[in-house]
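Here is a friendly walk through one model, with a look at helix packing and charged pairs. Take a moment with the view below before reading on.

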Amino acid sequence: MNFTEYQQLAERTARATTDTRERLTNFGMGLVGETGEVVDCIKKILYHGHDLDLNRDKLKIELGDLMWYVATLATTAGISLRDVAEANIEKLRKRYPEGFDPERSRNREEPNYGD
(Lines give C-alpha, C1' and ligand atoms only; values in the text may rest on other atoms or scores of the structure.)
Protein backbone atom coordinates (compact mmCIF):
# COMPACT_ATOMS: atom_id res chain seq x y z
CA MET A 1 0.00 0.00 0.00
CA ASN A 2 1.31 3.47 -0.81
CA PHE A 3 0.71 6.78 0.96
CA THR A 4 -2.01 7.90 -1.45
CA GLU A 5 -3.98 4.69 -1.10
CA TYR A 6 -3.65 4.76 2.70
CA GLN A 7 -4.82 8.35 2.86
CA GLN A 8 -7.85 7.58 0.70
CA LEU A 9 -8.75 4.48 2.72
CA ALA A 10 -8.34 6.35 6.01
CA GLU A 11 -10.73 9.03 4.79
CA ARG A 12 -13.44 6.38 4.24
CA THR A 13 -13.72 6.02 8.02
CA ALA A 14 -13.39 9.69 8.95
CA ARG A 15 -16.40 11.37 10.50
CA ALA A 16 -18.64 12.66 7.73
CA THR A 17 -18.21 16.39 8.04
CA THR A 18 -16.71 18.93 5.73
CA ASP A 19 -16.29 21.58 8.41
CA THR A 20 -12.55 22.22 8.48
CA ARG A 21 -12.46 23.57 12.03
CA GLU A 22 -14.40 20.60 13.36
CA ARG A 23 -12.15 18.13 11.50
CA LEU A 24 -8.96 19.85 12.68
CA THR A 25 -10.19 19.85 16.26
CA ASN A 26 -11.41 16.25 16.23
CA PHE A 27 -8.43 14.78 14.44
CA GLY A 28 -5.89 16.93 16.30
CA MET A 29 -7.30 15.81 19.64
CA GLY A 30 -7.36 12.23 18.43
CA LEU A 31 -3.70 12.46 17.44
CA VAL A 32 -2.77 13.60 20.94
CA GLY A 33 -4.88 10.86 22.53
CA GLU A 34 -3.31 8.14 20.42
CA THR A 35 0.15 9.52 21.13
CA GLY A 36 -0.65 8.93 24.79
CA GLU A 37 -1.57 5.33 23.98
CA VAL A 38 1.81 4.79 22.30
CA VAL A 39 3.63 6.38 25.24
CA ASP A 40 1.67 4.20 27.67
CA CYS A 41 2.64 1.08 25.76
CA ILE A 42 6.32 2.09 25.85
CA LYS A 43 6.07 2.97 29.56
CA LYS A 44 4.71 -0.50 30.35
CA ILE A 45 7.58 -2.12 28.45
CA LEU A 46 10.26 0.06 30.06
CA TYR A 47 8.97 0.45 33.61
CA HIS A 48 6.37 -2.23 34.27
CA GLY A 49 8.32 -5.20 32.97
CA HIS A 50 6.04 -5.92 30.00
CA ASP A 51 7.72 -7.84 27.21
CA LEU A 52 8.22 -6.01 23.89
CA ASP A 53 7.66 -9.20 21.93
CA LEU A 54 4.30 -9.73 23.63
CA ASN A 55 3.31 -6.07 23.16
CA ARG A 56 4.54 -5.57 19.58
CA ASP A 57 1.02 -6.07 18.18
CA LYS A 58 -0.43 -3.54 20.66
CA LEU A 59 2.24 -1.03 19.66
CA LYS A 60 1.54 -1.69 15.97
CA ILE A 61 -2.19 -1.04 16.51
CA GLU A 62 -1.53 2.22 18.36
CA LEU A 63 0.97 3.41 15.74
CA GLY A 64 -1.65 2.63 13.11
CA ASP A 65 -4.15 4.79 14.96
CA LEU A 66 -1.59 7.62 14.95
CA MET A 67 -1.13 7.18 11.19
CA TRP A 68 -4.89 7.38 10.70
CA TYR A 69 -5.07 10.72 12.49
CA VAL A 70 -2.04 12.07 10.61
CA ALA A 71 -3.67 11.00 7.34
CA THR A 72 -7.03 12.60 8.12
CA LEU A 73 -5.38 15.81 9.33
CA ALA A 74 -3.33 15.97 6.15
CA THR A 75 -6.44 15.38 4.04
CA THR A 76 -8.27 18.12 5.91
CA ALA A 77 -5.43 20.53 5.15
CA GLY A 78 -5.20 19.43 1.51
CA ILE A 79 -1.75 17.92 1.97
CA SER A 80 -0.73 14.52 0.65
CA LEU A 81 1.03 12.08 2.96
CA ARG A 82 3.64 11.69 0.24
CA ASP A 83 4.36 15.44 0.47
CA VAL A 84 4.53 15.18 4.27
CA ALA A 85 7.02 12.32 4.07
CA GLU A 86 9.15 13.98 1.38
CA ALA A 87 9.26 17.30 3.25
CA ASN A 88 10.30 15.52 6.43
CA ILE A 89 13.13 13.64 4.74
CA GLU A 90 14.31 16.82 2.99
CA LYS A 91 14.34 18.66 6.34
CA LEU A 92 16.37 15.85 7.91
CA ARG A 93 18.82 15.78 4.99
CA LYS A 94 19.46 19.49 5.41
CA ARG A 95 19.73 19.23 9.19
CA TYR A 96 21.93 16.13 9.20
CA PRO A 97 23.61 15.82 5.79
CA GLU A 98 25.96 13.07 7.02
CA GLY A 99 23.39 11.36 9.26
CA PHE A 100 22.46 12.20 12.83
CA ASP A 101 25.07 14.21 14.70
CA PRO A 102 24.56 15.18 18.36
CA GLU A 103 26.58 18.38 17.89
CA ARG A 104 24.41 19.49 14.96
CA SER A 105 21.36 18.61 17.03
CA ARG A 106 22.42 20.88 19.88
CA ASN A 107 23.46 23.78 17.63
CA ARG A 108 20.99 24.10 14.81
CA GLU A 109 19.07 26.95 13.34
CA GLU A 110 15.40 26.30 12.73
CA PRO A 111 13.77 27.79 9.65
CA ASN A 112 10.93 30.24 10.15
CA TYR A 113 7.69 28.66 8.94
CA GLY A 114 5.71 31.87 9.28
CA ASP A 115 4.81 31.44 12.95
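## Terms and ground rules

Buried means under 20% relative accessible area, exposed over 50%, and partly exposed in between (1.4 Å probe, protein chains only). This is a predicted model, where local features need pLDDT of at least 70, side-chain atom pairs count only at pLDDT 80 or more, and totals for chains, interfaces and linings use all residues. Residues are numbered from 1 along each chain as its sequence is written, and side-chain values use heavy atoms, with hydrogens and water left out.

## Helices α1 and α3

Helices are DSSP runs (H or I, at least four residues), numbered from the N terminus. Helix α1 (residues 3-12) packs against helix α3 (residues 52-77) at an angle of about 90 degrees, their axes 9 Å apart. Axes are lines fitted to C-alpha atoms over the stretch in contact, and angles run from 0 to 180 degrees between N-to-C directions. That angle makes α1 roughly perpendicular to α3 (65 to 115 degrees).

## A pair between α1 and α2

A salt bridge is a side-chain nitrogen of Lys or Arg within 4 Å of a carboxyl oxygen of Asp or Glu. R23 forms one with E11, with the closest N and O atoms 2.9 Å apart. The pair links distant parts of the chain, R23 being in helix α2 and E11 in helix α1, 12 residues apart. R23 counts as buried because its relative accessibility is 7%, while E11, at 26%, counts as partly exposed.

K60 forms a salt bridge with D57, the closest N and O atoms being 3.8 Å apart. Both lie in helix α3, three residues apart, or about one turn of the helix, and both are exposed.

Conventions: Helices (H or I, at least four residues) and strands (E, at least two) are DSSP runs, numbered from the N terminus. Angles under 35 degrees count as roughly parallel, over 145 as roughly antiparallel, 65 to 115 as roughly perpendicular and the rest as oblique.
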